[in-house]
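These are my notebook entries on side-chain pairings, written while I had the coordinates open.

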Amino acid sequence: MDSFLINGGKKLSGSVAISGSKNAILPVMAAALLCSGKCVLHNVPHLLDFKNMANLLVHLGAKVTHEAGTMTIDTCDINVWEAPYELVSKMRASIYVMGPLLGRLGKAIVSFPGGCAIGSRPVDFHLSAFEKLGARIMIEHGNIYGYCPDGLKGAVIDMPFPSVGATASAILCSVISEGETLIKNVALEPEIDDSLIDFLTLMGAKINRINDNELQIIGVKELYPAEMTMVSDRIEAGTFLLAGAITKSNITITNCEPKHQKSLLEKLEKTGCTFAQTQDTITIFPAETIKPIDITTAPYPAFPTDLQAQYMACMTLADGSCKIKETIYPDRFLQAAELNRLGANITVKDGTATVLGVKQLSGAEVMASDLRASAALILAGLVAEGTTKISRIYHIDRGYEKIEDKLGSLGADIQRIVAKR
């Protein structure tokens with residue numbers, strides 16, 4: 001397996017452009033299944049998750065091309081309704097195809113999805129939404145079987161939790177159902193509002209936000225191909241801001257949405273960082289001494305779980321101790337043990353990590369367990385004394401496009417060691 005070698009202690013400087021959002025593009029790719037024709041997406045980076053989703057769409061009958069940041073998805077010949085284990089096991093987002101398949105073909109078989117090892121991430125909310133809309137769901141031999149004997153019909157769907165994935169699935173399944181659907185307690189993340197809803201609206205869907213957490217969807221009989229430039233990745237943006245904070249370097253991120261970084265910027269300001277912003281850039285001016293600040297992850301607009309690991313890396317060098325509480329995925333602390341191998345002082349108990357800042361991290365061999373843990377280890381490696389080797393970096397390729405090149409352009413000493421095939 002490929003690995004990263006990082007010689008730490010290098011000051012960073014300069015600017016870096018943020019790529020299109022992984023978490024926004026994946027459900028939009030699935031949305032293309034709802035029409036017959038060519039959908040075009042711009043600002044699409046080359047990520048492993050997109051390759052895996054494209055392979056799944058091709059298996060279902062689509063034609064997918066991805067060149068120079070533009071992805072074209074031709075769904076004229078969709079005629080397969082089964083998403084097999086060998087394709088689905090590689091990423092959790094594969095569940096997104098089930099709603100469109102139920103809507104377009106009236107049936108679907110999807111293997112239970114895989115992805116990062118960050119604890120239990122059930123699909124119960126997705127399946128409940130499908131059932132409310134009239135689908136009959138059966139689980140057998142590791143597969144989810146769904147069919148719509150009487151078609152999909154509008155319903156009231158009250159989400160037990162504002163899950164981004166389940167909200168996306170409910171929307172995807174209801175836009176071509178018969179009648180009106182009301183979805184309550186929906187996720188507010190930009191990946192829903194500024195991406196999926198905007199794209200479906202361009203396709204001809206009728207979606208109205210009744211209030212902050214309710215959506216009204218009037219089903220239509222047909223959707224049409226659309227073209228859209230995808231929103232930038234707020235998690236990648238946050239990761240580079242934290243790179244500036246932990247290495248005490250001035251970094252400018254471009255092609256970003258500053259409003260999407262509000263919760264992170266508020267916390268980093270309390271640690272001592274300051275910022276300059278324009279309409280689509282943020283420059284971080286880091287603190288010389290990092291103040292320890294507690295965080296609690298929660299649904300948007302609160303602090304994102306997808307930045308918790310990277311923030312933890314930053315807090316390893318804080319002047320004092322802080323607590324990091326994880327409310328979305330309580331088991332999402334696998335990076336803590338690896339950060340401790342680099343000299344951090346972190347203890348985890350009952351969904352809360354206590355981080356006691358140390359003076360210096362030291363390079364060591366560590367192993368990535370998931371996508372965001374990989375980013376946290378990279379940030380720690382950037383400041384660790386000596387050389388850090390990070391293995392199993394295929395996780396990072398799922399969500400960051402050529403992160404070693406972007407960090408290298410800022411002055412980091414990081415190289416990818418390609419394993420012999």
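Which side chain does that of Thr305 join in a polar contact, and at what distance? I looked this up and found Arg332, at 2.9 Å, where a polar contact is a pair of N or O atoms within 3.5 Å, one of which, within protein, must be able to donate a hydrogen and the other to accept it, with residues adjacent in sequence counted only if both atoms are side-chain atoms.

Before going on I noted that this is a predicted model, in which local features need pLDDT of at least 70 and side-chain atom pairs count only at pLDDT 80 or more, while totals for chains, interfaces and linings use all residues. Residues are numbered from 1 along each chain as its sequence is written, and side-chain values use heavy atoms, with hydrogens and water left out.

**Entry: around Thr305.** I placed Thr305 in the loop between β18 (295-296) and α10 (308-315), helices (H or I, at least four residues) and strands (E, at least two) being DSSP runs numbered from the N terminus. Thr305 has 12% relative accessibility and therefore counts as buried; buried means under 20% relative accessible area, exposed over 50%, and partly exposed in between (1.4 Å probe, protein chains only). Leaving aside neighbours within four places in sequence, I found Thr305 in contact (heavy atoms within 4.5 Å) with Thr297, Glu326, Ile328, Tyr329 and Arg332.

**Entry: Asp49 and two partners.** In one of them Asp49 pairs with Lys22, the closest N and O atoms being 3.4 Å apart. Since Asp49 lies in helix α2 (residues 48-59) and Lys22 in helix α1 (residues 22-31), this pair ties together parts that are 27 residues apart in sequence. Asp49 also meets Arg398 in a salt bridge, at 2.8 Å from N to O. Arg398 sits in the loop between α13 (394-397) and α14 (403-409), so this pair ties together parts 349 residues apart in sequence. I noted Asp49 as buried, at 0% relative accessibility, and Arg398 as buried too, at 8%.

**Entry: Arg416 and Glu404.** I then found a salt bridge between Arg416 and Glu404, with 2.8 Å between the closest N and O atoms. It links distant parts of the chain, Arg416 being in strand β24 (residues 413-417) and Glu404 in helix α14, 12 residues apart. Arg416 is partly exposed at 23% relative accessibility, whereas Glu404 is buried at 12%. Both belong to a network of salt bridges that also includes Asp2 and Asp397.

Terms used:
A salt bridge is a side-chain nitrogen of Lys or Arg within 4 Å of a carboxyl oxygen of Asp or Glu.
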